[in-house]
Amino acid sequence: MTVEKKIANPGVVYLYAGLFLAVLIAGGCAHYPPNPFLKEVSPGQGYRMKNISQAERSDRLLLILTFSGGGTRAAALAYGVLEELAKAEFSLEGRKRSLLDEVDAISSVSGGSFTAAYYGLFGRRIFEDFESRFLKKNIQKELFSQTLEPGNWFRLMSAKFGRGDLVAEYYDQNIFDGGTFGDIVTRGGPLILVNATDVTLGTYFTFSQETFDILCSDVSRLPLSRAVAASSSIPVVLTPITLYNYAGSCDYEAPRWVKRALEQPALSRRRFQKAVHLRSYMDAQIRPYIHLIDGGISDNLGLRAVIDFLIAPGEMWQALQYLGWENTRKVVFILVNAEQGPDFQPDHLEKTLSSRSVLKSVTNIPISRYNFETVELLKGNFKQWTEEIRSRRCAAADSAGGTDPAYSEAEPCADIQFYLVEVDFDAVPDKSERSHLMGLPTSFNLPPESVDRLRAAAHQVLTHSPEFQRLLRDLK
C-alpha cells in the first residue's frame, strides 16, 4: 500500500499543519498590553487624591482605610469592614451620613486590592454581586482552567506574555468589566491606591498618577485589572506584571521635596531613601521596564505608601494643604489586617524540619515584623502631626487677624484629633473562632461559610473596638 493511499486527503493534513504553525507563530508573538504614554504632566488633572472628590464628603473628616494581603481571606475581612461602615450612620454638618460615604482613600495590597478596586469602581454595587463574582467563587480553579485552554498554551510560550498577564485578562473580563482608574475618577472616588512590589528595588510601587508622572505614563487609562494582578502576583506561581518606562519623554519635573532630600540627605534619611528610589525611575535607559510582583512582600498592610505620602513634603500640614484639607478636624486610619497567626505545629516535632516548613516560616517572619514596625511608625507620628497642624493652623489664623470663619470659637484652630482603628484576628473575642480564622489558608478559594465568618468577624471587632466607638461618639 502506498503512502498516498494511507492518507485519504493529503491537502487536509497540510491545511491543519499550516493552521497549527500559524497559531504557534501568533502565540509566540503574544505581548502584554503596554501602559499608556503621557506627553504632558498636568498636576491639576489625572488620578490624584486632590482631583477625586465628592461634594457630599466633609472636609472636616479625613478617613483612610488600608486593606492587607491574604488572598480571599483578606478580601472577605475587608468586605466585612465596608459592610459595617455602611451601617455606621451619624449626622455631619446637618446631614445624615454613613462612615462609608466619608471614605477618602483606600490603600491596598494583594487580596485586599480586589475589594478596594471593586468598591472604587462600582461603589455600593459591591454589596450586590461581589460575593458571587469573587468572594464565594473558586477563582483558583478558574485561573487554572485558563492555563489549560489550548489557545493560551501558545501565548504563554511568548517571552513577552506570562501567566500574570493571562490572569490580568481574566480579572478584566470577569471581575472589573474593563474598568480603568479613570472610571474611579468619573464615579467620584474614593481614591484607590493599589500597591505592588518593585522586583528590583524591593520597595512598594503605588498605582497613582504621582508615580506614573515619573514614567511619563497615564494611569487613568490603565485597566484596574493589571494593577490588581501586579498587587497579587505571587512570585514563581505567577509572572510579574511589566510596565514601560517612558521617563524623559514628557515635561515631568521632580517635586521640591525630592530635590531637597537628594541635596541634603542628613535632613531625613527616610525621605532621602524614598527620593533615591524615585530617582531610579527617572532614567529610562537604565530602567526601561519596571517589573512588579505581590505587594505583600514589601508592605503587607498597604500602610507605608500612605505614611510616606503624608510625610514626604516634610510636614503633615503641607500634605493637607496640597490636598486642600486644611479644615480637617479628625484624621481616621482603619487598618484591616488579615495576617495569619504563628504556626506552632512544627514545635510538636522532634525531627529535623523539612525545607518547605522552614521556608514557610522564613517567609512569614519578615512580613509579621514589618507589619508591627509600620503600625508603630504610624502611632509615633500622631503626636508630631498634632503639634505641626495646631502650630501651622493657628499661625494662619493669627495672620488672618482672627477673621477667617474656618477658625471660630466653636471650632478653634487647635482642634485636631487622630484615630487608629485596627481590625485583625487578635481582636476577635471568641478564642476558637480566632484560631479558625487565623488558620484559613492564603488562597483564592474559601468555603462560603468561611467567607461569612470573616465578614462577621469584621463586625465583631469594630463593635468591640474602643477606638472605633470613640470615633462614633465624637461624631455625634
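**Close-up views of a predicted model**

**View 1. A charge over a ring: R125 and F122.** R125 lies over the face of F122. The distance to the ring centre is 3.9 Å in this predicted model. F122 also belongs to a cluster linked by ring pairs. Other members include F127, F130 and F134.

**View 2. The aromatic cluster.** Ring pairs join Y79, F114, Y118, F122, F127, F130, F134, Y170, Y171, F176 and F444 into a cluster. Across the model, the count comes to 28 aromatic pairs. In one of them, the rings of Y118 and F176 have their centres 6.5 Å apart. Their planes meet at 50 degrees, so the pair is tilted; an angle over 60 would have counted as edge-to-face.

**View 3. An edge-to-face pair: Y244 and Y289.** The ring centres of Y244 and Y289 are 5.6 Å apart. Their planes are at 75 degrees, so the pair is edge-to-face. Y244 lies in strand β7 (residues 241–244) and Y289 in strand β8 (residues 289–293), so the pair ties together parts 45 residues apart in sequence. Y244 has 23% relative accessibility and counts as partly exposed. Y289 also counts as partly exposed, at 45%.

View 4. L310 lies in helix α14 (residues 304–311). L310 is buried because its relative accessible area is 2%, and the cut-off for buried is under 20%. Leaving aside neighbours within four places in sequence, L310 is in contact with E315, M316, A319, F333 and W385. The C-alpha atoms of L310 and L320 are separated by 8.1 Å. Those two residues are ten apart along the chain.

**View 5. Parallel strands β9 and β10.** Strand β9 (residues 330–337) runs parallel to β10. Eight bridges join the two strands. Strand β10 (residues 417–424) is mostly covered. Of its eight residues, six are buried. In a regular strand, side chains alternate between the two faces of the sheet.

How values were computed
Residues numbered from 1 in each chain as written. Predicted model: local features only at pLDDT ≥ 70, side-chain atom pairs only at ≥ 80, totals over all residues. Heavy atoms only, no water. Helix = DSSP H or I, 4+ residues; strand = E, 2+ residues; numbered from the N terminus. Buried < 20%, exposed > 50% of the residue type's maximum accessible area, 1.4 Å probe, protein only. Contact = heavy atoms within 4.5 Å. Phe/Tyr/Trp six-rings, centres within 6.5 Å; stacked < 30°, edge-to-face > 60°. Lys NZ or Arg CZ within 6 Å of the ring centre and 35° of its normal. Pairing = 2+ DSSP bridges.
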